[in-house]
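Trainee: Before I use this model, I would like to go through the words used to describe it and see what stands behind each of them. Could you take me through them one by one?

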Amino acid sequence: MNEKIQLLDCTLRDGGLGLEDAFINNIADKGFSQGDLKELASSLQASKIDIVELGSIQLTNDDKTRFAIYQNVEEVSRSIPNNKSKNQMFVGLFRGPDTPIDDIPMWNPSLVDGLRVIIRYSELQKSLDFCTALSRKGYKVFVQPMLTMRYTDEEIDLMIRSANAMKAYALYFVDSYGYMDEEDVKRLYSIYDRGLDKDIRIGFHAHNNMNLAYSNVKTFISYSQRSERNVIIDSCVMGMGQGAGNLQTELIVPYLTDKFDAEYDFESVLRACETIDSYLEHDIWGYSVTRLLPAIHKTAYKYAIAFRNHYKLSFVEINEILETIPEEYRHRYTKENALVLVQKNCTEKTDNL
């Protein structure tokens, strides 16, 4: 395991959530087959990538395993390959602080090594308390504040202090809507590096709405070389993920191998690409004008997808709506909000006739 720079592949989790999004929004009805779930886990294990995320955990009455969504820690842990290396970590992700902490077992070697937790902005303290409780149960905890650019300096300071107190494994900044630039990366890294205890890693999860994931990650790596801090980079095979997708694993692996002597197995990464290749035809993720426009206007990407796919709006019409979106709607997509915005736009056009 590379101690200075760790690579975390989240294809199964982020790709799975992308498949779920596509199903919910009537874009595609496609899920991971059981064979593909096993093949991906096996290929990623063989790749020697430092950390592999096996899926997400959600309280639900539905069987969502085709989206790599599991009911509990024990269930996601069953996906750990039998030939797991002691130098490789496997993790799962909680989609929020909803699971009763008493229902989560104390860590033991049969379970995932770490748990990532999406910090819910509307329940910030509850989310951080949940992370603290997981840490006390023996898990390596990754604190994941989605859309970190939304947070005030005071809220970021609270997360840093909480991460220190719980001895988190990592505190991330997450470019959920894909509009961060290199100055944002430098600013957040500096704030984190100044405030975090030296043993806590800084993680970066980049999205590709503006095709900046690779560039921003290279900036992140370059900036991290100025300190002794260990860092984590997230990536996905072929960029598979929600919306425009993420940094591509097959793109960053050769870079880390060439520049930092990382010892990844590129052929195993390519085998994972072979598995994912058939999913590309469904337009579930990747750069598009539809996914670019919300990044330009710093809004939730699902608005543009709904406007384009459900309401059949033109790019010009989508741009018109997003450039005047009310602040209270900006980060909170709902079908109801989308409908209100479309109706408002239609009314304004009628009034101007």
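Mentor: Let us start with the radius of gyration, which is taken over C-alpha atoms, and with the globule rule, which is 2.2 Å times the number of residues to the power 0.38. Note also that this is a predicted model, in which local features need pLDDT of at least 70 and side-chain atom pairs count only at pLDDT 80 or more, while totals for chains, interfaces and linings use all residues. Residues are numbered from 1 along each chain as its sequence is written, and side-chain values use heavy atoms, with hydrogens and water left out.

Trainee: How do you know that the radius of gyration of the chain agrees with that of a compact globule?

Mentor: For 353 residues the rule gives a compact globule a radius of gyration near 20 Å, and the chain has 20 Å, so the two agree. Along the principal axes, the C-alpha atoms fill a box of roughly 70 × 45 × 45 Å. Of contacts (heavy atoms within 4.5 Å) between residues at least 6 apart in sequence, 76% join residues at least 24 apart.

Trainee: What makes up the secondary structure of the chain?

Mentor: The chain has 14 helices and nine strands, where helices (H or I, at least four residues) and strands (E, at least two) are DSSP runs numbered from the N terminus.

Trainee: Why is helix 8 called roughly antiparallel to helix 9?

Mentor: Two packed helices are described by the angle between their axes and the distance between the axes. Axes are lines fitted to C-alpha atoms, for helices over the stretch in contact, and angles run from 0 to 180 degrees between N-to-C directions. The axes of helix 8 (residues 249–260) and helix 9 (residues 266–277) come within 10 Å and cross at roughly 175°, which makes the pair roughly antiparallel. Angles under 35 degrees count as roughly parallel, over 145 as roughly antiparallel, 65 to 115 as roughly perpendicular and the rest as oblique. In this pair, Thr249, Glu250, Val253 and Pro254 of helix 8 meet Phe266, Val269 and Cys273 of helix 9.

Trainee: What makes Asp261 and Lys312 count as exposed?

Mentor: Buried means under 20% relative accessible area, exposed over 50%, and partly exposed in between (1.4 Å probe, protein chains only). Asp261 has a relative accessible area of 63% and is therefore exposed, and Lys312, at 64%, counts as exposed too. Asp261 is in the loop between helix 8 and helix 9, and its phi is near 55°, a positive value in a residue other than glycine. Lys312 is in the loop between helix 11 and helix 12, and phi of Lys312 is near 55°.

Trainee: Why is Asp193 called partly exposed?

Mentor: Asp193, which is found in helix 6 (residues 182–195), has a relative accessible area of 24%, so this residue is partly exposed. Leaving out residues up to four places away in sequence, Asp193 touches Ile202, Ser227 and Arg229.
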